[in-house]
Amino acid sequence: MAALDPAANCGRCPRLRSFRAQAKREFPTFFNAPVPNWASAQPRVMIVGMAPGMKGANRTGRPFTGDFAGDLLFDTLIQHGFARGEYGNSADDGLSLNECAIVNVVRCVPPQNKPTASEVNNCRRYLEATLAHYRDDVEVFVTLGSIAHNSFLSCFDLRKKDFKFGHGAEFALPTGQALLSSYHCSRYNVNTRCLRRRCLMAFFRVCANC
Ligand code: SF4
């Protein structure tokens with residue numbers, strides 16, 4: 001069976017491997033490695049994000065944990081029953097997921113939060129393996145941002161024009177599962193009002209009722 005997570009020293013993307021090494025020198029206490037999936041048993045909802053943030057998941061080693069995007073996402077997940085406990089900005093905060101999985105399409109922190117197309121392609125093997133592993137459990141996929149959305153579509157050989165990314169867009173996949181897309185819950189999108197907190201709440205209310 002294909003690996004769901006990359007090896008800690010994965011070097012398929014030379015630029016990202018160098019950037020990890022640079023981060024290790026600059027921030028030796030950070031995780032500084034490909035960030036693995038985080039999933040409860042039998043996840044009903046799978047959240048597909050883009051890549052670790054330098055001082056978020058690249059610091060803590062857990063998807064979306066440690067930066068603004070995580071504050072917003074975990075607050076929302078807790079309120080809708082997809083996470084339990086208190087979110088504390090670290091991988092050992094005791095928070096647990098409930099019927100939920102969180103994955104990134106690129107596992108290594110990219111410079112300026114921008115992976116290249118070839119890096120997204122290189123890392124897709126882990127997304128494909130993850131989707132195959134949970135295919136009998138997941139009922140709803142949530143893609144956060146267009147990069148995550150389009151890489152997800154590629155795993156199923158689906159065309160972008162048939163499943164066009166848009167905030168709040170809902171699709172029925174040929175597999176019978178639902179796909180919802182949303183703007184990424186980044187600080188930039190919230191500050192520029194592309195995404196409002198109440199919109200993300202409403203969005204996950206839909207997931208909870210799917
Ligand atoms: S982004 Fe993925 S494929 Fe590229 S080096 Fe990191 S783990 Fe490997």
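I began with the lining of the largest cavity, whose residues divide into nine nonpolar, two polar and four charged (Ala, Val, Leu, Ile, Met, Phe, Trp, Tyr, Cys and Pro count as nonpolar, Asp, Glu, Lys and Arg as charged, and the others, Gly among them, as polar). I note that this is a predicted model, in which local features need pLDDT of at least 70 and side-chain atom pairs count only at pLDDT 80 or more, while totals for chains, interfaces and linings use all residues. Residues are numbered from 1 along each chain as its sequence is written, and side-chain values use heavy atoms, with hydrogens and water left out.

For the term itself, a cavity is a set of points, on a 1 Å grid over the protein atoms alone, where a 1.4 Å probe fits but cannot get out, and lining residues have an atom within 4 Å of a point. My search of the whole structure gave one cavity of 30 Å³ or more, and the largest cavity holds about 100 Å³ of space, a volume being the space filled by probe spheres set on the points, which are joined across faces, edges and corners. Of its 15 lining residues, Cys10, Arg12, Cys13, Cys108 and Cys123 lie nearest the centre.

I counted seven salt bridges in the whole structure, each a side-chain nitrogen of Lys or Arg within 4 Å of a carboxyl oxygen of Asp or Glu. Glu139 and Arg44 meet in one of them at 3.6 Å, N to O; Glu139 lies in the loop between H4 and strand S6 (140-144) and Arg44 in the loop between strand S1 (38-39) and strand S2 (45-49), so the pair ties together parts that are 95 residues apart in sequence. Arg44, Glu99 and Glu139 are linked in a network.

I also noted Arg62 and Asp93, which pair at 2.9 Å, N to O, and are both buried (under 20% relative accessible area, with exposed over 50% and partly exposed in between, for a 1.4 Å probe and protein chains only).

Notes:
On a 1 Å grid over the protein atoms alone, a cavity is a set of points where a 1.4 Å probe fits but cannot get out, and a pocket is an open set with protein on both sides within 12 Å along at least five of seven lines; lining residues have an atom within 4 Å of a point. Helices (H or I, at least four residues) and strands (E, at least two) are DSSP runs, numbered from the N terminus.
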